[in-house]
Amino acid sequence: MFNYRIRDLVKSNIRNLRGYEAREVPCRIKLDANESPYGLREWDCRKIARLLRAVKTNRYPDPGAEELKRAAGKTFGVSPDSILTGNGSDELIYYLTITFGGPVLYPVPTFSMYGIIAQALGEQSVEIPLDRAFDIEIERMLKAVKRESPKLIFLSSPNNPTGNCFSVDRIMRIIEKTKGIVIVDEAYQPFSSKKGFLPLLGDYKNLAIMRTMSKVGLAGLRVGFLIADAEIISEVNKVRLPFNLNSISQAIAVEALKDKGRLDSNIKKIISERGRIYKEMGAMSGIEPFPSEANFILFKVRDPEGVYNSLLKKGILVRDMSSIIKGCLRVTVGRPAENTAFLKALKEAVSDL
Ligand code: PMP
């Protein structure tokens, strides 16, 4: 008879792992997950029908996602063999960590998956707190580079959940000082006024960049890109599952990338709404919004739990970040009407409490 505890069979690093918390909370206005409010619903139905009809669901997908890599290559101005596609960029973080191992170094607070994946794979992670302006604490980071010799350094810029970009000169110093690989995670770069790191790829062999289609309308399709020197790509490609990106996601992502006008106009709308929300929040007493280069805004309130619950009672879901950054919630920029409803509910929440 099986009288062991399953728990005792689990590897110790997994037994103690707290997985990523992605809960479905019922709500009317969903502003918690940094998604785009604009998706396929805005597309012409005939175009979607045509795309779907051409997908051979009885066949495996193109293992190398070649057409998608060509389209992405044009978008990012790189050659397709500098690109690896992932089932979301989450999967690429996994593959990078499997390929190179740890230590994995990153500043905190940041995107939690860098640490979760390192732990899941039994790799050491090294976390260095950001400074008071949410920028990289460069001297401590460089000391950690020297002391720990990390194989991978993840820098989310713009950073989730703080919303700011890290100083370019600090990122450059890390790239120049490390013998490991620096991954600049540019999930939110489309919303940023800063240039990003793609133009520097050719100059630094140990620089890699991650991009995703999740923040520009295709989160449900799971499409991410690793862009790096062809040697990095071919090493990481060895651990990629053969058919990691399904045919429908490949087909729709190609079309979305080709429709640059639509992508850009949605991004513009979000940037403009971000400006409006930031300004209006800043004018409310008891709210301190932080400037953002992303599609969300981190903000500080006196009673984060009270404000979170008060918003949720009105059907508006934001993300409670207070266990990571004292007093803070994070709101994703939605459609104009959703943002207006959020602002109204927030005003009421802070005046009620
Ligand atoms: N990087 C950062 C900084 C993120 O915030 C996210 C999503 N929350 C991801 C990567 C993962 O994106 P994807 O949906 O492509 O897996």
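Analyst: Happy to! For residue classes, Ala, Val, Leu, Ile, Met, Phe, Trp, Tyr, Cys and Pro count as nonpolar, Asp, Glu, Lys and Arg as charged, and the others, Gly among them, as polar. On that basis the shell around the ligand holds three nonpolar, six polar and four charged residues. This is a predicted model, in which local features need pLDDT of at least 70 and side-chain atom pairs count only at pLDDT 80 or more, while totals for chains, interfaces and linings use all residues. Residues are numbered from 1 along each chain as its sequence is written, and side-chain values use heavy atoms, with hydrogens and water left out.

The ligand is surrounded by 13 residues (a heavy atom within 4 Å), and Ser89, Asp185, Tyr188, Thr212 and Ser214 are the closest.

Now the polar contacts (pairs of N or O atoms within 3.5 Å). In the side chain of Asp185, an N or O atom is 2.6 Å from a nitrogen atom of the ligand. Asn160 places a polar side-chain atom 2.8 Å from a ligand oxygen atom. Asp90 uses its backbone instead, with an N or O atom 3.0 Å from an oxygen atom of the ligand. Of the 390 Å² that the ligand exposes when taken alone, the protein buries 94% (accessible areas by the Shrake-Rupley method with a 1.4 Å probe).

Finally, the space taken by the ligand is the largest pocket. A pocket here is an open set of points on a 1 Å grid over the protein atoms alone, where a 1.4 Å probe fits, with protein on both sides within 12 Å along at least five of seven lines; a molecule sits in it if more than half of its atoms lie within 2 Å of its grid points.

How values were computed:
Polar contact = N/O pair within 3.5 Å; in protein donor to acceptor, adjacent residues only side chain to side chain. 1 Å grid on protein atoms, 1.4 Å probe; cavity = no way out; pocket = protein on both sides within 12 Å on 5 of 7 lines; lining within 4 Å.
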